[in-house]
Amino acid sequence: MSSIKGLGGRLYSGETSVNIVGNAKRWYIVSALFTLLSIGALAVQGLHLGIEFKGGSAYTFPATTATVEQARSAVESTGITGELIIQKIGEDKIRVQTGSLTNAQSDSVEAAIVATFGVNAADIDTQLIGPSWGKEITKKALYGLLAFIIVILLFLAMTFEPKMAFAALIAVLHDVLITVGIYALIGFDVTPATVIGFLTILGYSLYDTVVIFDKVRENTRAITSTSKQTFTQATNLAVNQTIVRSINTTVIALLPVASILFIGGGLLGAGTLKDISLALFIGMLVGSYSSVFIAPAVLAQLREKEPAMIALAKRVQARGTAGVSASATTSSSVQVATATVTDRRGPRNQPKRKGRK
Amino acid sequence: MSTPNNVVKSSARPGRALAILTLILISLGATAFVTGANEVRLGLDLRGGTSVTLQPRASTAGNEVTSAAIDQAVEIIRQRVNSLGVAESEVTAQGSGTNRQIVISVPGENGRRVVDLVGQTAELRFRQVLASGIGVPTAVDTATAATPVAGVSDAVNQAFATLDCTAAASLQGTGTDDPAAAITACSKDGGTKYILAPAEVLGRQISKASAGIDTQAGSAWSVSLTFNNEGTSAFGALTARVTSLPEPTNQVAIVLDGIVQSSPRINEAIPSGTAQITGSFTQVEAQDLANVLKYGALPLAFDRGEVQQVSPTLGAEQLTAGLLAGAIGLILVTIYSFFYYRGLGIVVTGSLAVAAVMIYLLALVLGETIGFTLTLAGIAGIIVAIGITADSFVVYFERIRDEIREGRSLRSAVESGWVKARHTILVADAVSIIAALLLYFFAVGSVRGFAFALGLTTLVDLFVVYIFTKPLMTIMARWKFFNSGHRFSGLSDKSSGVTRTTSSVEA
């Protein structure tokens with residue numbers, strides 16, 4: 001671990017710099033590929049919706065010896081038609097999932113299960129979803145999403161600046177789209193718990209981006225008054241300075257989620273815990289990627305178009321004859337640019353005033 | 001979290017913060033103790049039970065889903081669910097304004113009955129009073145029992161005699177009164193009991209009802225109602241028939257869910273379709289009656305959105321799984337913190353422990369005061385928040401290291417790092433809280449449980465960082481172990497990356 005810690009210090013000082021923001025195009029291409037793949041998967045395969053969205057009934061009951069075939073014939077004997085999915089959950093449970101049923105049909109399915117397998121009616125876990133219910137919760141989720149985006153845009157625009165809000169939003173949409181795309185691609189069930197997961201990703205991904213943007217803002221506060229680095233370079237430094245935190249945060253946030261996924265998926269087989277944590281696990285990985293690779297790059301691109309920043313870039317170019325720019329070098333991996341930014345330590349050695357904001 | 005006393009004494013500031021924290025924890029604990037909250041209220045998915053979510057929709061083209069109608073529906077359904085006599089059942093409207101769902105939760109194994117009961121639409125009915133009496137059981141073999149009401153079955157007469165309107169069960173409404181049969185019923189206040197004729201006018205035949213001050217009779221409150229065409233002829237016929245009959249058969253009872261809301265005497269035949277109920281109403285009583293007349297028929301129909309029945313076995317399994325997942329998550333985070341931050345892992349573990357204690361106490365107190373219940377989704381929210389909470393520490397630690405890299409001593413780095421970290425933590429947590437709030441207001445059911453838990457833990461996180469983590473760091477910065485940069489402190493030159501040799505060469 002000590003090597004990484006040492007690396008943290010070098011990343012901070014700029015001795016070691018990974019040119020992330022300067023290579024924006026590369027990350028854009030990666031993301032564009034994933035985004036296209038996601039849209040393709042959504043268009044071709046669509047999402048595998050749980051019964052909460054399409055309506056239907058599910059009955060889970062304890063059955064150590066019963067087989068799926070027995071359960072199927074028992075349920076089919078009640079004369080219900082339509083889709084019938086029967087699975088064994090874990091060692092000792094069977095789950096029967098049907099289309100939308102009337103109350104009477106539902107009762108007869110339960111009666112058949114009770115009669116065939118001798119289980120107590122109270123031990124059957126049932127879930128009955130009306131056919132229009134899915135539309136309701138989809139509507140609510142969409143309203144929630146819209147309200148969230150608007151409020152967050154305003155909040156970030158006020159706390160930081162409008163362009164940061166925009167860049168953060170792009171990153172967040174990117175995360176949700178790719179996560180949903182992965183769901184479509186692999187064919188995981190989408191339940192309300194999954195939607196909770198998706199919505200939480202919004203918050204988490206933004207949280208991650210906010211931490212990096214806070215550093216960007218600090219680094220670029222008085223950037224136009226000097227000619228040392230361009231906005232892109234200052235942003236890249238911020239990303240490098242916070243990268244250790246980003247890695248730590250991702251690991252620390254993923255550990256509990258992974259433990260829910262493991263327990264929820266392994267012990268319970270299916271349900272709320274698994275659905276939430278799977279969505280979060282995928283979304284957090286994508287979110288961490290976009291916070292580091294996409295959001296700062298979009299921001300830098302937006303800001304570099306401002307006249308003041310163009311002027312700054314010219315001044316830096318004129319001044320930096322000796323390869324100040326990290327992006328000027330070709331290497332893509334970790335590079336130790338020992339000769340760069342020689343005057344970096346000068347002003348920083350002066351004690352700063354406390355309480356500076 | 002214990003901190004050696006001698007260190008706390010040496011400075012007032014961190015000591016004060018920790019003292020406030022202790023005070024808050026103690027008072028939270030005391031509140032929980034006083035209110036008698038000794039365990040966290042668990043949601044139905046964790047202890048077994050049935051929940052039904054109903055989606056209101058307009059029953060006919062003419063009327064709309066209004067907020068008041070939903071409130072009224074919640075009241076009526078609550079009465080019905082209570083009639084089951086199951087403790088701790090709940091009826092709530094979730095969401096905002098007219099875009100709300102009604103969620104009914106009943107613990108235990110009574111699910112089936114609830115589903116059947118709430119499936120029926122409440123209906124307001126007008127029935128002629130055939131007999132009335134004081135609302136207590138009449139002694140058997142007395143004069144009253146000897147004069148059974150004619151035209152009514154013996155069973156009804158018998159039920160009337162034994163009916164005890166002072167018993168709570170009699171006043172909870174049944175929702176099962178057969179409109180085509182004579183029934184026995186109690187008045188709303190339990191003071192009077194009735195035998196009532198089959199229903200002749202129905203609530204949906206009322207087109208308008210309002211409370212107002214009756215100018216003719218001084219300034220008494222009265223209730224006016226208007227019937228539609230169908231209702232006008234039915235009510236006209238009813239009033240024409242009963243008005244000349246002797247007491248109490250000249251009264252018409254307004255019955256909602258098997259409870260007599262009011263039983264006005266009919267003074268004259270009312271063929272016009274507009275009637276006025278007068279009496280010694282207070283303003284509130286008049287308005288309540290008007291509301292009952294307006295909404296008693298439940299202008300809303302309900303689509304059964306979701307019915308979920310969880311057996312106690314599955315509930316217990318889910319609870320165990322949730323707690324286990326939380327414990328494993330905490331342990332993994334702790335291990336990682338010690339692994340990466342060495343000595344500072346103590347701060348992470350301590351802060352998480354304080355946060356955990358605080359959330360537990362809050363869950364106790366909130367369960368008692370505002371009925372907060374912990375669901376599986378809530379547990380997931382709390383576990384997810386472990387990451388957010390721990391991240392606050394990561395942000396702070398990295399800032400301290402940054403400050404050390406700038407050449408500060410640990411003691412001053414702890415302070416100046418805090419100033420910078422504070423801003424990041426505030427903004428980041430604000431985003432998280434906004435997300436939780438919006439989720440809470442836009443969602444229904446389990447999503448709300450998740451959002452509430454997430455919001456609560458984020459607030460606790462902010463609080464803990466300010467009043468525990470930061471003061472603890474201030475204190476620990478004075479310890480030799482940390483400020484000498486011990487190699488296990490997590491703040492050594494090496495771990496901060498202050499590679500003094502290389503930088504001097506470079507400079």
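Colleague: Which residues have the most contacts inside the largest nonpolar core?
Modeller: This is a predicted model. Its largest nonpolar core has 142 residues. Those with the most contacts inside that core are A:Ala168, B:Ala380 and B:Val431.

Colleague: Which helix gives the most to this core?
Modeller: The helix sits in chain B and spans residues 376-405. It gives 18 residues to the core. The helix is H12 of chain B.

Colleague: How many residues are in the second, separate core?
Modeller: Its members include B:Leu124, B:Ala185, B:Ala199 and B:Ala290. The size of this second core is 45 residues.

Colleague: What does A:Ala168 touch, not counting residues up to four places away in sequence?
Modeller: The neighbours belong to chain A. They are A:Leu156, A:Leu206, A:Thr209, A:Phe213 and A:Ala295.

Colleague: Are H6(A) and H8(A) roughly parallel or roughly antiparallel to each other?
Modeller: H6 covers residues 133-159 of chain A, and H8 covers residues 192-220. Their axes come within 11 Å and cross at roughly 5°. Residues making the contact include A:Phe148 of H6(A) and A:Leu202 of H8(A). Angles under 35 degrees count as roughly parallel, so H6(A) and H8(A) are roughly parallel.

Colleague: How many of the 33 residues of H10(A) are buried?
Modeller: A residue is buried if 20 or more other C-beta atoms lie within 10 Å of its own. H10(A) is mostly covered. The number of buried residues is 28.

Technical notes:
Residues numbered from 1 in each chain as written. Chains lettered and ligands numbered in written order. Predicted model: local features only at pLDDT ≥ 70, side-chain atom pairs only at ≥ 80, totals over all residues. Buried ≥ 20, exposed ≤ 12 C-beta atoms within 10 Å, placed from the backbone. Helix = DSSP H or I, 4+ residues; strand = E, 2+ residues; numbered from the N terminus. Core = buried A, V, L, I, M, F, W, Y, C linked by C-beta atoms within 7 Å. Contact = placed C-beta atoms within 7 Å. Axes fitted to C-alpha atoms, helices over the stretch in contact; angles between N-to-C directions. Parallel < 35°, antiparallel > 145°, perpendicular 65-115°, else oblique.
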